[in-house]
Amino acid sequence: MTTTPKPQDLPAWKRLTRMAEQSIQSRLSEISETTGGFEHSSHRLTLGNHELMLDLSKQRLDQKTLATLVQLANERGFEGQRKLLFDGAQINTSEHRSALHTALRAPFAERPALVRDTVEETLQRFGRFADAVRTGARRGFTGKSFSDIVHIGIGGSYLGPRLVVDALHAQYPESLRFHFLANIDGAAIDRCLAGLNPETTLIILASKSFTTLETRVNGTSARSWFLERTTDEKAVAEHFVAVTGNIDAARAFGISDDFLFPVWDWVGGRFSLWSAVGLPIAMAIGAAGFQELLNGANAMDRHFLNAPIENNLPALLALTDVWNYNFLGVNNHAILPYDHRLSRLPDYLQQLQMESNGKSVHVDGTPVGIHTMPVIWGGEGTNGQHAFHQLMHQGTRSFTADFILIANADHKHDTHQRWLLASALGQSQAMMIGEQSELSHRTVAGDHATTTLVLDQLTPFTLGALLAMYEHKVFCQGVIWNINSFDQWGVELGKQLAEPVFEQLGGNSTLGQETSTKGLIDYLKDQKRSE
């Protein structure tokens, strides 16, 4: 049997190791100037009527380094792996599944034949349903139009829809109000449902298995809330929607077939906002707006599939990060969107990147022997400048960052927008050049690499393109590291261990528990107040 070489055994990897030793001898600002700066290190991509610009001029990259990173991708068989992704091969090897999220946004004729019709039927059906709710054509059990949408999910069934609705809803000023619930904390559901009228509330349950703990418990409590106020069990069928792969369980919950939408095992949760999981997005921006979101993602898909690596934006992002993480010793990465509408982007990209590539074994199960995904974190500008940027400028930890800017705002406050953009550029400049002072407490070391991404506007199309770009970046990194970016076995263990603890907190014996957890269970039981 042929053994796939480990990444660190490849010629390009060894060459990059030597290059890194040389690179760190120079200041980042010096490298930026000698490589031609912005003119030679920025990439403009026209998609439809929009432009996306990727600036790598504040990265520790010269032409030789970039060429060697491209060589590394070629040695790892990047182009072949990319083709397998779009062809629908079972690249999720541990679960023997395809990863066909790109088929959800492809034109009908470009989808793999196996999923072509079912994707189209579902897209059309949930688009019609969303528009009927928005216009008031579909109403609740008393004949009143819906005013509030409660979306219950967790992980990818929550983060993607919430990000997009928050980012775009203001551009579509219809009357629907959106509420998102993920946390199993009882305080969260109380706050979510407070003040809502069950007659005008539609509740969406998004769970591929329909057994996900948080969604199951929150959904059951929401159902009880609804029935306590309506006393009409038949009305559940007109106020609860399910997006799931477990149709029988959703029917048993009381959901009618007209309110059931499928999600398939070849769509991973963190890649699912393009499916019926995105139902609240379609309700917020309309079926036509949702289609524009898909069109933007598909435009990025085509760029990713066809562009050579050296001009391929997702691939360039991935290779730049591999250079920083594996050769320059960076161990965390900040997502810094300078637009309030994208305030939830760091949370979304945390899951997308760390759940996908937070792995320690190769595809064949052998240890990787190298670092894979670092910690992803961040927050919106300019808030972060008065919170964690102090550590970034004068702390002792290595980091890189993505600055994400929107050139043209959709408001008329020009002074606000200019200050927002100036703040982003000022921060990235300070991270690169720093400042020396005779007073040591005023010295800013600089020499931190950052990337700047600019969208001309924030629209469904451009947001779709942005999110798809990060999806493909994740895939590229997985190819380089030879890991499976599409499973997430690590999230299961804690869930399994919580099940006996739940029973033990309710009074069952703690016999067999290790001493630390047993002590905590006993303490919490002692602290429980009498009802």
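## Asp166 and helix 7

Asp166 sits in helix 7. Helices here are DSSP runs of H or I with at least four residues, strands are runs of E with at least two, and both are numbered from the N terminus. The relative accessible area of Asp166 is 35%, so Asp166 is partly exposed. The classes are buried (under 20% relative accessible area), exposed (over 50%) and partly exposed (in between), with a 1.4 Å probe and protein chains only. Not counting residues up to four places away in sequence, Asp166 touches Arg341 and Arg344. A contact means heavy atoms within 4.5 Å. Asp166 and Pro460 are 294 residues apart in sequence, yet their C-alpha atoms are 12 Å apart in space.

Arg162 is also found in helix 7, which covers residues 156-168. Leaving aside its neighbours within four places in sequence, Arg162 is in contact with Phe180 and Arg344. Arg162 and Phe180 are 18 residues apart in sequence and 6.9 Å apart from C-alpha to C-alpha.

## About the model

This is a predicted model: local features need pLDDT of at least 70, side-chain atom pairs count only at pLDDT 80 or more, and totals for chains, interfaces and linings use all residues. Residues are numbered from 1 along each chain as its sequence is written, and side-chain values use heavy atoms, with hydrogens and water left out.

## The whole chain

The chain holds 18 helices and 11 strands. Its radius of gyration is 25 Å, close to the 24 Å that the globule rule gives for 531 residues, so the chain is as compact as a globular protein of that length. The radius is taken over C-alpha atoms, and the rule is 2.2 Å times the number of residues to the power 0.38. Along its principal axes, the C-alpha trace spans about 75 × 60 × 60 Å.

Buried residues make up 53% of the 531 residues. Take the contacts between residues at least 6 apart in sequence: 74% of them join residues at least 24 apart.

## Surface and charge

The chain exposes about 24,100 Å², and carbon and sulfur atoms supply 51% of that area. Accessible areas come from the Shrake-Rupley method with a 1.4 Å probe; for residues, only the protein chains shown count as cover.

There are 46 positive and 57 negative side chains. Lys and Arg count as positive, Asp and Glu as negative, while His and the chain ends are not counted. The centres of the two sets lie 1 Å apart. Each charge is placed at NZ of Lys, CZ of Arg, CG of Asp or CD of Glu.

## Nonpolar cores

In soluble globular proteins, nonpolar side chains tend to be buried together. The largest nonpolar core in this chain has 139 residues. Such a core is a set of buried Ala, Val, Leu, Ile, Met, Phe, Trp, Tyr and Cys residues joined through side-chain atoms within 4.5 Å. Met283, Leu345 and Leu463 touch the most other members of this largest core. Helix 16 (residues 460-481) gives the most to this core, with 14 residues. A second, separate core has 14 residues, including Ala334, Phe399, Met431 and Val454.

What does Met283 touch, leaving aside its neighbours within four places in sequence? Its contacts are Phe129, Ala130, Val133, Arg134, Ile149, Leu176, Phe178, Leu202 and Ile204.

## Backbone features

A cis peptide bond joins Gly381 and Thr382, with omega about 10 degrees. Thr382 is found in the loop between strand 9 (375-378) and helix 14 (389-394).

His96 is a residue other than glycine with a positive phi, near 55 degrees. His96 lies in the loop between helix 5 (78-87) and helix 6 (113-135). Its relative accessibility is 57%, so His96 counts as exposed. Phe210 is not a glycine either, and its phi is positive at about 60 degrees. The loop between strand 5 (201-206) and helix 9 (213-230) holds Phe210. At 13% relative accessibility, Phe210 counts as buried.

## Two more residues

Arg216 is found in helix 9. Arg216 is partly exposed, with a relative accessible area of 43%. The C-alpha atoms of Arg216 and Gly153 are separated by 8.9 Å, although the two residues are 63 apart along the chain.

Ser41 lies in helix 3 (residues 37-41). Is Ser41 buried or exposed? Ser41 is buried, because its relative accessible area is 9%. Leaving aside neighbours within four places in sequence, Ser41 is in contact with Thr35, Leu54, Asp55, Leu56 and Ser57.
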